[in-house]
Amino acid sequence: MSRYLDALAAERAHNARLFRALVVIGLVAVVGMALLWARPRQIDLHINPDLRAGERVSVTGGVAPVPNPNVYSFAYYVWQQVNRWQSDGGKDYGKQIYDFQSYLTPRCQAQLQGDIDNRNRAGELHQRTRQISEIPGLGFQDNRVIGEGPSAWTVLLDMQVTETFRGQAVKDAFIRYPVRVVRYDVDRERNPFRLAVDCFGSAAPARLDIKDSAIGAAQGLTPAALPAISAQAPIAVSPSPTTTPLAAESANTATGAPATTPSAPASSR
């Protein structure tokens, strides 16, 4: 009889141990599920194109820092496309803004629309073509990307701006655009980069010293220091309240000749 009692006690002890084990496993599972639920479901990861051995990418809250080359290339591509008028600025300027609206903040879109209105009144869009391109030798450098915290940057783009009217050149200038880029997680289907151009911050476009630009273009090398802003015919860095920075770029001319007629083009604006 005692043998049966011992077997029953052993079975009860075994069941108790099994129950405790199941309780522990259940608690671990609940804690694990809670931790997984708290983890981000998507990770915003920007990979530096210049990955060196042993380089690490830190992710905090599902968001990783954006490397400077990525910020620069984003600002360059979007700003170049917005300023591309293939055949008629009167039609192309507004269309480019519309096509790239997912990569522009509402404030920047409003500023660009104001620039369209100003240029229309000045007759600087009809049948104009425009393109901007990076000045050879003055491409990406780390000091061209100025951080404003983890979610905003100012990118200094040194660009050559050329415009034509009915096939005749009316503008050829070297300009520095201080393009502001911000994190912009609004519509991931239309903007997978989660970045947007916010036009300009506290600065405005300014004319570059052509001598410095010419040296960089001739040598085809990236200078150690950024070229200086020209002291002559600068674009207004602090425009009046009624003038937008883009309008200041448009209004500043190197000559007083009208730019809307092919017989008297402006040489540099």
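Visitor: What's the handedness of the link between Cys108 and Cys199?
Guide: That link is right-handed, with 70° about the S-S bond. Keep in mind that this is a predicted model: local features need pLDDT of at least 70, side-chain atom pairs count only at pLDDT 80 or more, and totals for chains, interfaces and linings use all residues. Residues are numbered from 1 along each chain as its sequence is written, and side-chain values use heavy atoms, with hydrogens and water left out.

Visitor: Which parts does the pair tie together?
Guide: Cys108 is in helix 4 (residues 106-122) and Cys199 is in strand 5 (residues 195-200), so the pair joins parts 91 residues apart in sequence. Helices (H or I, at least four residues) and strands (E, at least two) are DSSP runs, numbered from the N terminus.

Visitor: How far apart are the sulfur atoms of Cys108 and Cys199?
Guide: They sit 2.0 Å apart and form a disulfide, meaning a pair of cysteine sulfur atoms within 2.5 Å.

Visitor: Are Cys108 and Cys199 buried or exposed?
Guide: Cys108 and Cys199 are both buried. Buried is under 20% relative accessible area, exposed is over 50%, and partly exposed is in between (1.4 Å probe, protein chains only).

Visitor: How many disulfides does a search of the whole structure find?
Guide: One.

Visitor: Switching to helix 2, which residues are buried there?
Guide: Among them are Tyr72, Phe74 and Trp79.

Visitor: Last one: where is Leu18?
Guide: Leu18 is in helix 1 (residues 2-38), and is partly exposed, at 44% relative accessible area.
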